Amino acid sequence: MEQFCQDKTFKIAIVGGGPCGIYCALNILKKFSEINFENYHLVVFDKSQFLRTILPTGGTRCNITNSINDIKEFASNYPRGEKFLYSLFSRHFNSDSLEFFKSIGIETYTQDDGRIFPISNSAKDVKDKLLNAIKQFKNVKFIHKEIKSKDDLIDFDRIIISAGSRGSENLIKSFNQPYKPFKKALCALKIDNFNYPKGVSIKSLDGDFIFTDDGISGPLAFKISSINVDRHFPYDVSIRLFNVDDLYILVEKNPRKSIGNLVSKLIPKSLANCIVDDFDRKSAEVSKEKMKSYSILNLKIISNSNFGEIVNSGGVDLKSIDKNCKSKITDYLWFCGEILDIDGFCGGFNLQNCWSSAYVVANDVVYSIIN
Ligand SMILES: Cc1cc2nc3c(=O)[nH]c(=O)nc-3n(C[C@H](O)[C@H](O)[C@H](O)COP(=O)(O)OP(=O)(O)OC[C@H]3O[C@@H](n4cnc5c(N)ncnc54)[C@H](O)[C@@H]3O)c2cc1C
């Protein structure tokens with residue numbers, strides 16, 4: 001290891017005390033403490049309550065990450081940022097984050113669908129444990145303040161921006177950092193001619209969703225909104241409700257039963273009522289082509305809905321930062337978390353982007369000081 005610059009006290013700013021900013025702060029503090037380096041002050045700024053944004057995650061249970069253990073397969077769950085994440089994940093992946101959480105008293109469990117949650121099933125518990133862990137260190141300060149532009153940070157030697165995707169454009173712009181406009185990427189969708197059973201949940205072959213008052217919500221709706229974020233409304237989507245072969249088998253075994261009743265064995269009856277136009281017809285009399293049409297739900301999406309907004313696409317252009325998320329435009333400036341042009345599907349992927357990018361940034365910031 002090279003000589004530390006012993007005379008100087010480095011001032012490090014983290015703008016944004018959400019999951020990413022706090023994880024980054026903890027990793028910086030931990031690394032400096034491991035090498036007994038004390039010539040620094042770390043200040044975390046937040047315009048609101050620290051870690052407020054973790055509270056609603058996972059329906060307040062906090063879906064901390066996902067159990068997929070192959071980096072490429074994991075990264076395929078990000079419509080934007082997939083390739084950039086290979087490098088971040090190769091340095092800090094889900095197992096590393098889980099080890100970190102364990103070290104601060106957060107034990108986890110994995111659901112059948114691969115989503116990982118704290119055993120407490122409580123996002124508040126995750127928040128409390130992260131904040132308690134950070135309180136063990138003395139070189140850190142929390143300041144409630146909105147950082148409006150780079151001019152508010154002139155006293156700092158190292159700057160980390162983890163301000164998320166809500167209202168951080170002006171801050172990014174003040175550094176002349178190229179970025180893509182933020183757009184809702186995971187949100188509920190409104191449907192043209194809505195005529196479906198409100199509140200009914202569907203387990204389709206493409207994913208789960210629920211009919212809202214005027215459209216669809218839930219993981220599949222979020223996925224559709226994410227994949228189509230750059231398309232103009234209206235656009236058409238087809239959802240595979242069930243495997244039509246299962247209906248053929250039911251019909252073969254029950255030729256006298258009504259087609260509507262047989263379809264109702266594969267999807268909720270209230271939905272079958274909406275899509276099967278000849279509900280009471282004997283199933284043996286219905287053509288295979290017609291049966292196939294019942295297995296697919298065609299929807300015209302007319303707009304996003306305000307309900308269920310979870311993640312935004314857009315953010316700091318990945319071409320304008322290096323593999324350590326360091327700006328190529330401004331010296332000693334890093335970005336991490338949702339402010340980056342990276343967004344994933346539901347399933348713990350967005351928080352994993354926070355953990356991995358925060359870790360890599362923490363490492364690079366420490367390295368830039370001790371080398
Ligand atoms: C309802 C909901 C549920 C979700 N559930 C999950 C889930 O279960 N699993 C998952 O992986 N992801 C989930 N997400 C997504 C996940 O919460 C985000 O990706 C994550 O919070 C991003 O973290 P961040 O720290 O980068 O940004 P943020 O969480 O947005 O935090 C940014 C922080 O910066 C502060 N800030 C912003 N601008 C300034 C400024 N100029 N000056 C000072 N402070 C500033 C804000 O007050 C905020 O505290 C969910 C999101 C929502 C909305």
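Student: Which elements each supply at least two residues of the shell around the ligand?
Tutor: This is a predicted model, where local features need pLDDT of at least 70 and side-chain atom pairs count only at pLDDT 80 or more, while totals for chains, interfaces and linings use all residues. Residues are numbered from 1 along each chain as its sequence is written, and side-chain values use heavy atoms, with hydrogens and water left out. Helices (H or I, at least four residues) and strands (E, at least two) are DSSP runs numbered from the N terminus. On that basis, the elements that each give at least two shell residues are α1 (19–34), β2 (40–46) and α12.

Student: Which element gives the largest share of that shell?
Tutor: The shell has 32 residues, where near means a heavy atom within 4 Å of the ligand. The largest share is 4 residues, and these come from α12.

Student: How far is the polar side-chain atom of Glu-338 from an oxygen atom of the ligand?
Tutor: Glu-338 is among the closest residues, together with Asp-46, Thr-53, Gly-58 and Leu-351. A polar contact here is a pair of N or O atoms within 3.5 Å; within protein, one must be able to donate a hydrogen and the other to accept it, and residues adjacent in sequence count only if both atoms are side-chain atoms. For Glu-338 and the ligand oxygen, the distance is 2.8 Å.

Student: How is α3 oriented against α12?
Tutor: Helix α3 (residues 82–91) packs on α12 (residues 349–370) with the axes 9 Å apart and at an angle of about 70°. Axes are lines fitted to C-alpha atoms over the stretch in contact, and angles run from 0 to 180 degrees between N-to-C directions. Angles under 35 degrees count as roughly parallel, over 145 as roughly antiparallel, 65 to 115 as roughly perpendicular and the rest as oblique. The orientation of α3 to α12 is therefore roughly perpendicular.

Student: Which peptide bond is cis?
Tutor: Pro-234 sits in the loop between α7 (219–227) and β13 (235–240). With omega near -5°, the cis bond runs from Phe-233 to Pro-234.
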